[in-house]
Amino acid sequence: MKTTRLILAGGFLGAGKTTLLWNIAQKLMRKGLRVGLITNDQAPELVDSALLSMNDLQVAEVSGSCFCCNFNGFTDAIKKIRSEVAADIIIAEPVGSCTDLSATIIQPLKQYWNREVTVSPLSVLADPFRLNSVLEGKNGGLHPDAAYIYHKQLEESDIILINKTDLLSDEELGKLIRHTAEAYPSAKIYPVSALSGKGLDEWLQEVTTSKNSGKRLIDVDYDIYANGEAVLGWLNGTIILDYHRFDLTG
Ligand SMILES: Nc1nc2c(ncn2[C@@H]2O[C@H](COP(=O)(O)OP(=O)(O)OP(=O)(O)O)[C@@H](O)[C@H]2O)c(=O)[nH]1
Ligand SMILES: [Mg+2]
């Protein structure tokens, strides 16, 4: 069977990972490519039904833990997608509080799974306002241990996608690109809008051709990481809203 390209699109909570995933999945499928998505502990109901009805898309979930703690769950998802749709490309969205993907996912895939997958540069999305705050040393409104995870995600990235550029002026964007490059000099920076699609073609060109993945291995203090994840937590539930009609006019 042919080799599948794997694009890991990480980044902190709310950075725009899912928006990016859908946008590029559609783009790639319009080109006739077979696409698989791997999500991490996000309810399958998040999957857009219009997308699911497209023939060549297959979605798999790694539940119960981050990709970084469940390599076998991740490779099971790859196997499933490859056997069901013979995917050309798999796009994977780790949960927003996940880091250390280079050591725990990319290196073992490159070593033991190179016949099945070619791993693209690790791309990490960033919300521009949180990124700006973190670069100014203000922790982006986060607990310091959560801000630690934020830094680690960017530190290990091969590519930083500054997302939501539609919300910035040219001057703000220019300044943010400069500051990001100073703080993370070895990462390539792409300004994009996952929502409007701006800048995505340039990034796609790189991640569908380059094999320069997992170039940085980071030191991670797993106590701080665990506490950062604990303070973040996340809700994955269904809320049912009910109401009783009453008369305000009487
Ligand atoms: N203006 C603007 N909003 C965006 C863009 N990308 C994402 N958003 C919005 O940002 C919010 C979070 O987007 P998601 O795609 O759910 O982010 P995520 O990283 O998958 O979030 P989690 O999975 O919860 O970590 C949503 O309201 C999106 O519509 C963008 O390029 N521009
Ligand atoms: Mg998401």
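Q: Which residues does Leu176 touch, not counting residues up to four places away in sequence?
A: Start with the criterion. Two residues are in contact if their C-beta atoms, placed from the backbone, lie within 7 Å. Leu176 touches Pro128, Leu131, Asn132 and Ile162. This is a predicted model, in which local features need pLDDT of at least 70, side-chain atom pairs count only at pLDDT 80 or more, and totals for chains, interfaces and linings use all residues. Residues are numbered from 1 along each chain as its sequence is written, while chains are lettered from A and ligands numbered from 1 in the order in which they are written.

Q: Where does Leu176 sit, and is Leu176 buried or exposed?
A: Helices (H or I, at least four residues) and strands (E, at least two) are DSSP runs, numbered from the N terminus. Leu176 lies in helix α7, residues 170–183. For burial, count other C-beta atoms within 10 Å of the residue's own, placed from the backbone: 20 or more is buried, 12 or fewer exposed, in between partly exposed. Leu176 counts as buried because it has 21 C-beta neighbours inside 10 Å. Leu135 is 41 residues from Leu176 in sequence, yet their C-alpha atoms are 9.0 Å apart.

Q: What share of contacts with a separation of 6 or more joins residues 24 or more positions apart?
A: In the protein chain, 79%. The chain has nine helices and eight strands. Of its 250 residues, 40% are buried.

Q: Why do buried residues of a helix line one face?
A: An α-helix has 3.6 residues a turn, so residues three or four places apart point the same way. Take α8, residues 200–207: Trp203, Leu204 and Val207 are buried. Their arc (from the directions between the helix axis and the C-beta atoms) stays within 100 degrees, so they line one face of α8. Asp201, Glu202 and Gln205 are exposed on the other side. The buried residues of α8 pack against β1, α1, β6 (123–126), β7 and β8 (188–191).

Q: Which residues of α4 are buried?
A: Leu101, Ser102, Ile105, Ile106 and Leu109. They cover an arc of only 115 degrees around the axis, which puts them on the same side of α4. On the other side, Gln111 and Tyr112 are exposed. Cover for the buried residues includes β1 (4–11), α3 (71–85), β5 (117–119) and α6 (144–156).

Q: What span should α4 have?
A: The expected span is 1.5 Å times one less than the number of residues. Helix α4 (residues 101–112) has 12 residues and should span 16 Å; its end C-alpha atoms are 16 Å apart, which agrees.

Q: What should I look for in phi?
A: Most residues other than glycine have a negative phi. Ala86 has a positive phi of about 45 degrees although it is not a glycine. Ala86 lies in the loop between α3 and β4 (89–93). With 14 other C-beta atoms within 10 Å, Ala86 is partly exposed. Lys164 has a positive phi of about 60 degrees, also without being a glycine. Its loop runs between β7 (159–162) and α7. Lys164 is buried, with 24 other C-beta atoms within 10 Å.

Q: Which residues come nearest to ligand 1?
A: A residue is near a molecule if its C-beta atom, placed from the backbone, lies within 6 Å of it. Of the 16 residues around ligand 1, Gly16, Thr18, Thr19, Gly96 and Leu195 come nearest. Helix α1 (residues 17–30) gives the most to this shell, with three residues.
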